[in-house]
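Visitor: Please take a close look at one part of this model, the place where the chains meet. I would like the pairings there described, and then the interface around them.

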Protein chains: 2
Amino acid sequence: MTTHINKLAIFGVGLIGGSVALALKQAAAVGEVVGVGRSRANLEAALKLGIIDRIAASPATAVQGADVVLLAVPVGQMAVLMQAIAPHLGEETLITDAGSTKQDVAALMQQHLAAHLPNCVPGHPIAGAETCGAGAARADLYQDRNVVLTPLPQSDQAAMEKVRALWQACGAKVSEMPSIEHDAIFATVSHLPHLLAYTLVDMIARRDNADTLFSFAASGFRDFTRIAASSPEMWRDIALANREALLSEIAQYQASLEQMRAALAAEDATALEAAFRRAQTARVRWSGG
Amino acid sequence: MTTHINKLAIFGVGLIGGSVALALKQAAAVGEVVGVGRSRANLEAALKLGIIDRIAASPATAVQGADVVLLAVPVGQMAVLMQAIAPHLGEETLITDAGSTKQDVAALMQQHLAAHLPNCVPGHPIAGAETCGAGAARADLYQDRNVVLTPLPQSDQAAMEKVRALWQACGAKVSEMPSIEHDAIFATVSHLPHLLAYTLVDMIARRDNADTLFSFAASGFRDFTRIAASSPEMWRDIALANREALLSEIAQYQASLEQMRAALAAEDATALEAAFRRAQTARVRWSGG
């Protein structure tokens, strides 16, 4: 399926939003890209890099005549933006987002974009890194990556297909699921690991001999803790937005860790090796897939 | 300091032992390298790859006339090997190892190599990967890596200097510390992260929807869990060998995780962000160092 967007309005021209613009331009799937953001310097960098064609004077002018509005800002900023754009959205304008949690975005859309729900399609591109800002954007960020769309009950099928086509034009593999299922899955495979990594690094950083400990940390530690270099504000918001699912995952992890601790305390070599082997087998199979 | 070893006997010619041989050969710091191991196929591969010059007929013949004996086998195999070589060790032969835990190796040396303690120098090269076998060995594995020596009370100063020179010839940075301090440090920065990663992957692998969960896991998860692809036997042995220190680290981590969980349960955005930020700051500073 091919798509063409005459005007795309991107709110938040960082790694995520900027890479959408670059990918669509590379695919010749977009006409004009206008950018909105809190940092003037970042928007000017995006303009210079050819990510956007124009800096919008306001949220209102950004969305006027836009085929698609992409909200690529932290979830904490979305309510205000939705309120700002709601009166200015055209009948045909699609609204989508790139937030890491979806039940909260769906609720915000229901609250602030009530007149436009058939055109609203919440989405989550599974890509990202510790880097941020327009300078980090790349045309191939979404190549072969997963994008999950979580339609509202009111989302129009044609709107879904257009947003799907937008992400496919970026090279992504698009799937659909209910927002509650999305949030449960990402609590497990993304939000929990982030919280575990932050917890370990914070625990070490607070020790008197932190410098010595870090000086002997090697490649295994480096990879395990890479995600602890992620944005504290963003992950605070994600954790709070997906609080119930994440609390459930933490509780289950605490139970699993306690089992592991008990096996070690009891010098139960068989149980330890069995758990390590199940993990190793699953991890090796996954990385091969 | 330069060093020359006329005959080096390596027990366990895998990634760790094989890389020592290759590094010393590249530095022209060794004459003959003889290999001993459980797998004939691996030894023949090592011979073919030029890692070793000869496969020893037995542990006894391997150590005869050797300047240095390197025990690069899992700690679980060391007692038997020490018993096998003890009667055949020369007056001048140095004995060192590459085990990840050091109090247990020291205890084994005290028990099985009592007549040779001045020549015994336990060591731990901080390098490794999920790969194993002679085919994984590389001459540059130890370049700029840390090697920690944990002398016995009886270790001779000259023996220490020779083992230090051996590792420096491999390109490593060598430090010394008591074995108890070593084991505490590595419980924190290596053994605990391994156990945490194994625990997460095992928890996910046992779920009914494991395939779905893994299919949405992305690069953060991949890096966080990379160490869960490590050898189950080796990590079972390390966990048990360093049981007390590791149990203490697990307990401290459980307390830290419970604090994090409580902050999330209480929707304490300030506490969450503060912890995430301390971790991020420490992690960014460390990776820059």
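Guide: Begin with one pair of side chains: B:Arg278 and A:Asp202 form a salt bridge, with their closest N and O atoms 2.7 Å apart. The term salt bridge here requires a side-chain nitrogen of Lys or Arg within 4 Å of a carboxyl oxygen of Asp or Glu. This pair runs between chains, from helix H12 (residues 269-288) of chain B, which holds B:Arg278, to helix H7 of chain A, which holds A:Asp202. Helices (H or I, at least four residues) and strands (E, at least two) are DSSP runs, numbered from the N terminus.

The model is predicted: local features need pLDDT of at least 70 and side-chain atom pairs pLDDT 80 or more, while totals for chains, interfaces and linings use all residues. Residues are numbered from 1 along each chain as its sequence is written, chains are lettered from A and ligands numbered from 1 in the order in which they are written, and side-chain values use heavy atoms, with hydrogens and water left out.

A second salt bridge joins A:Arg243 to B:Glu267, where the closest N and O atoms are 3.9 Å apart.

H7(A) gives the most, 17 residues. By class, this side has 47 nonpolar, 17 polar and 17 charged residues (nonpolar: Ala, Val, Leu, Ile, Met, Phe, Trp, Tyr, Cys and Pro; charged: Asp, Glu, Lys and Arg; polar: the others, Gly among them).

In total, 81 residues of chain A are in contact (heavy atoms within 4.5 Å) with 81 residues of chain B. The copies meet through the same surface, because 100% of the interface residues of chain A are also interface residues in chain B.
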